[in-house]
Amino acid sequence: MSASLDQELRNRLSAIDAAGLRRVQDAWGSPQAPLRRMPPGEYLNFSSNDYLGLANHPRVCSALSRGAARWGCGTGAAHLLGGHTTEHAALEEELAGFVGRQRALLFGSGYLANVGVIGALVERGDAIFQDRLNHASLIDGALGSRAAFKRYRHADVGQLAELLAADSARHRLVVTDGVFSMDGDVAPLEQLATVCRERDAWLMVDDAHGLGVLGDTGAGSVAGAGLSVNEVPVFMATLGKALGTAGAFVAGSDALIDYLIQRARTFVYSTAAPAAVAAATREALRVVQEEPQRRERLHELMRRFRAGAAQAGLPLLPSSTPIQPLLLGGVERLLVWRDALREAGILVGAIRPPTVPRGTARLRITLTAAHTAGQVDRLLETLAAIASRETTAGAQVPA
């Protein structure tokens, strides 16, 4: 006879604890910002994806409040059953224009967008090709689509070309993150677009961590690579990172959006996000366009951090984005560094398997335009001190 459900789950949780992999959900007592409160005190926060500092921006918050006063707190229905408002429609139009596409379609989250789009575009008899470091939502979308699923080594365009050349599926969809969320590097988009054109495959880019940050106008990694809708027909990005609100969108041709309205199950069967959130996102998009200095300041802080890390002998993974990972290898070592940072009043994400491969546990340091140079220097000084203590104790500095 099998154990009760609770007993089985307790056994599984014990195994997670033994491996040092238990996740804990903290409850914060203040809004998203570089300094946040949580008992027993205040922490300097380097774990946020609020890259441009818009999550608590006065203009964005005021737009949300005005939107709620006009539209209420909820839509009460899916987009196709009365939940779609003129506020949603205006946001879709403005997002499409911002990323240089004909149309855009809103989804409740990036996860819903990726699962819905992949499931709509390919099915049994088709094939999907993905970078091995793609986000979990892209992997789950591929697994749920029933298409043949093949993965190529990270950023290895040559291996992708070989896989495509050997494949005879009816339709081939290549999917990649624009910016890889745990490594911070940018996909080789120009080369991927060339291979897809030569091998007659469609290219989809998830630019969740590139939108607002990369490109001359902040339109993302695809715009930064100079690629058009013909080269990247499927573009996805989230609204809860650099834009500071919530949700996601897919942008592309009229035909793509029309088709997704018919066949993307996570769009058809999900309640529309509040119109007030759409109003706040429209305001955030205006701030992005009117205040390019936010993006410029973010890049200045990134350069400052990387220079300081190099001077302190703290090798970082190669990254030209706000995601700056410090590879520590083992889980036990990672937790020592994380706890030492917390004791110093600094919060940094500790990323462990299964999010990243075994042996690649890392501190995922994220910078925002709202940080000050002094706060970045404080983080660097604290990391250098932890490394020095570790060296004194006979351990290795992170490599």
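Modeller: Let's begin with L105, which stands opposite V250 in β9. The model is predicted, so local features need pLDDT of at least 70 and side-chain atom pairs 80 or more, while totals for chains, interfaces and linings use all residues. Residues are numbered from 1 along each chain as its sequence is written, and side-chain values use heavy atoms, without hydrogens and water.

Biologist: What makes strand β3 largely enclosed by the rest of the structure?
Modeller: Four of the five residues in β3 (residues 103-107) are buried, so the rest of the structure largely encloses this strand. Buried means under 20% relative accessible area, exposed over 50%, and partly exposed in between (1.4 Å probe, protein chains only). Strands are DSSP runs of E with at least two residues, numbered from the N terminus.

Biologist: How do you know that β3 and β9 pair?
Modeller: Pairing needs at least two DSSP bridges between two strands. β3 and β9 (residues 248-252) have five, in the antiparallel sense.

Biologist: Why is the pair of W28 and Y43 called edge-to-face?
Modeller: Ring centres must lie within 6.5 Å; planes under 30 degrees apart are stacked, over 60 edge-to-face and the rest tilted, with the six-membered ring used for Trp. Here the centres are 5.9 Å apart and the planes at 90°, so the pair is edge-to-face.

Biologist: Is W28 buried, exposed or partly exposed, and why?
Modeller: W28 has 23% relative accessibility, so it counts as partly exposed. Y43, at 9%, counts as buried.

Biologist: What makes the pair of F235 and F249 tilted?
Modeller: Their planes are at 45°, with 6.1 Å centre to centre.
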